[in-house]
Amino acid sequence: MTTATLHLTKAASNPLTAGKLPRWAPWVLLASSLLVSALLFLLVSVASGVDAPADDAATGSTAGGGVNLFGIAVVAAVLYTVLIVVFAWLAEGRRRAVDRLMTTLIVGAFLLALVPLISLLWTVVAGGLARFDVSFFSNSMRNVTGEGGGAIHAIMGTLEITGLAALISVPIGLFTSIYLVEYGRGWLAKAITFFVDVMTGIPSIVAGLFAFALFAIFFGPGVRMGFGGAVALSVLMIPVVVRSSEEMLKLVPNELREASYALGVPKWLTISKVVLPTAVAGITTGVMISISRVIGETAPLLIIAGFTTSMNYNMFDGPVMTLPVFVYNSYANPGTDVGAYLDRAWAGALTLIVIVMLLNLGARLIAKAFSPKLAR
């Protein structure tokens, strides 16, 4: 091996001489930025001689002598961005420096978007665990004015109304999407697409007012029933189901349809035996997403479904309690024992989050189970 070859090998094995930062460099710069930022805030705190209140949520302080964690993170992020760009520019060149800058900004934006989500989950879990017990899932609020009680009537009402809304929305939305993709041509298809787009942006309270006005025609003013709540939720679900199902049906290759037609299979049978089984995973995911979108709606259910403290299994007679309305009513109208009502409100919110999480998890499992197996 010649001397030139040895020099080339050593240069390639050494990242600093090969024009590339080592893998540990970003982590060292990040740790150094955090350390410098923490020392800077510590020096400022000592110099000012003023300690912030312990555990101050408004300033981001903690019980550690008024240390501002949010400020430390912001200063460290800015310092790290400057350092990584400068070091990359010196060792790797302008293009790699710009690439690292954009990567840092994108990762920073992602972490910044996670902050409110993590804060929300932490707050709901911390507040809801106090009443996340057997009594909460086995009792209603009938004749309860203080501690105790539960939300079984609201949980059952949410499941019944949402399930009935899905039973109404899924066939209508699926058949509409099939028409738009497989049959729709001309002005009728354009009109349906336009109205579906308009329905997508309808405020939820408008859907509740529509259902209330519709059922008031047949049952008189002041009507309250669970079926009306299901109709209101279906108005919000149908455009989501139509749009998601339409996109999934468009993803089915035309070659599959043409192969079925070449074998003499009718169009309706091709749709039911070829197109729908191919797109069933995406359609199921879209349906689950639409259910998750409406299960937490409060305004339409407060208008048409009403609220009650007792269990009501009859969707066509009397008000039916739901979890969103239960949380709202517990927080807005606490009784003599305010703490007990707030604990139940946080527990109801946590229960609603768990239900939505289970629905999304179920959608992913169903999509994975029914997705076409391309490899053998």
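Reader: Starting with the helix pairs, in which hand does α6 pass α8?

Author: In this predicted model, the crossing in which α6 passes α8 is left-handed. Helix α8 covers residues 226-250, and the two helices pack with their axes 9 Å apart and at an angle of about 125°. That angle makes α6 oblique to α8.

Reader: And which residues of α6 and α8 make the contact?

Author: On the α6 side the contact is made by Thr 193, Val 196, Asp 197, Met 199 and Thr 200, while α8 contributes Val 235, Pro 239, Val 242 and Arg 243. Sorted by class, the contact of α6 with α8 has 5 nonpolar, 2 polar and 2 charged residues.

Reader: Staying with α6, at what angle do the axes of α5 and α6 cross?

Author: The axes of α5, which spans residues 152-183, and α6, which spans residues 187-200, cross at roughly 135° and come within 10 Å. Helices α5 and α6 are therefore oblique to each other, and their crossing is left-handed.

Reader: What meets what between α5 and α6, and how many charged residues are in that contact?

Author: From α5, Thr 176, Tyr 179 and Leu 180 meet Leu 188, Ala 189, Ile 192 and Thr 193 of α6. The contact of α5 with α6 has no charged residues, and its members divide into 5 nonpolar and 2 polar.

Reader: Moving on, how are α12 and α13 oriented to each other, parallel or antiparallel?

Author: Their axes cross at roughly 160° and come within 8 Å, with α13 covering residues 338-370. Angles over 145 degrees count as roughly antiparallel, and α12 and α13 are therefore roughly antiparallel to each other. Here α12 passes α13 in a left-handed crossing.

Reader: Which residues of α12 meet α13?

Author: The α12 side consists of Leu 323, Pro 324, Phe 326, Val 327, Ser 330 and Tyr 331, and the residues they meet in α13 include Tyr 341, Arg 344, Gly 348 and Ile 355. By class, the residues in the contact of α12 with α13 are 11 nonpolar, 3 polar and 1 charged.

Reader: What does the UniProt annotation "transmembrane region" cover?

Author: According to the unreviewed UniProt entry, the annotated stretches include residues 103-130, 192-219 and 345-367. In the model, residues 103-130 are 93% helix and 0% strand, with the end C-alpha atoms 41 Å apart. For residues 192-219 the end C-alpha atoms are 30 Å apart, and the chain there is 89% helix and 0% strand.

Reader: Last one, where does Ala 216 lie, and what does Ala 216 touch?

Author: Ala 216 lies in α7, residues 204-219. Leaving out residues up to four places away in sequence, Ala 216 touches Pro 221 and Val 223. Between Ala 216 and Gly 228, which are 12 residues apart in sequence, the C-alpha to C-alpha separation is 10.0 Å.

Technical notes
Residues are numbered from 1 along each chain as its sequence is written. This is a predicted model: local features need pLDDT of at least 70, side-chain atom pairs count only at pLDDT 80 or more; totals for chains, interfaces and linings use all residues. Side-chain values use heavy atoms; hydrogens and water are left out. Axes are lines fitted to C-alpha atoms, for helices over the stretch in contact, and angles run from 0 to 180 degrees between N-to-C directions. Helices (H or I, at least four residues) and strands (E, at least two) are DSSP runs, numbered from the N terminus. Angles under 35 degrees count as roughly parallel, over 145 as roughly antiparallel, 65 to 115 as roughly perpendicular and the rest as oblique. A crossing is left-handed if the near helix is turned anticlockwise from the far one by less than a right angle, and right-handed if clockwise. Contact means heavy atoms within 4.5 Å. Ala, Val, Leu, Ile, Met, Phe, Trp, Tyr, Cys and Pro count as nonpolar, Asp, Glu, Lys and Arg as charged, and the others, Gly among them, as polar. UniProt positions are given in the numbering used here, feature names are shortened, and annotations may be inferred rather than shown by experiment.
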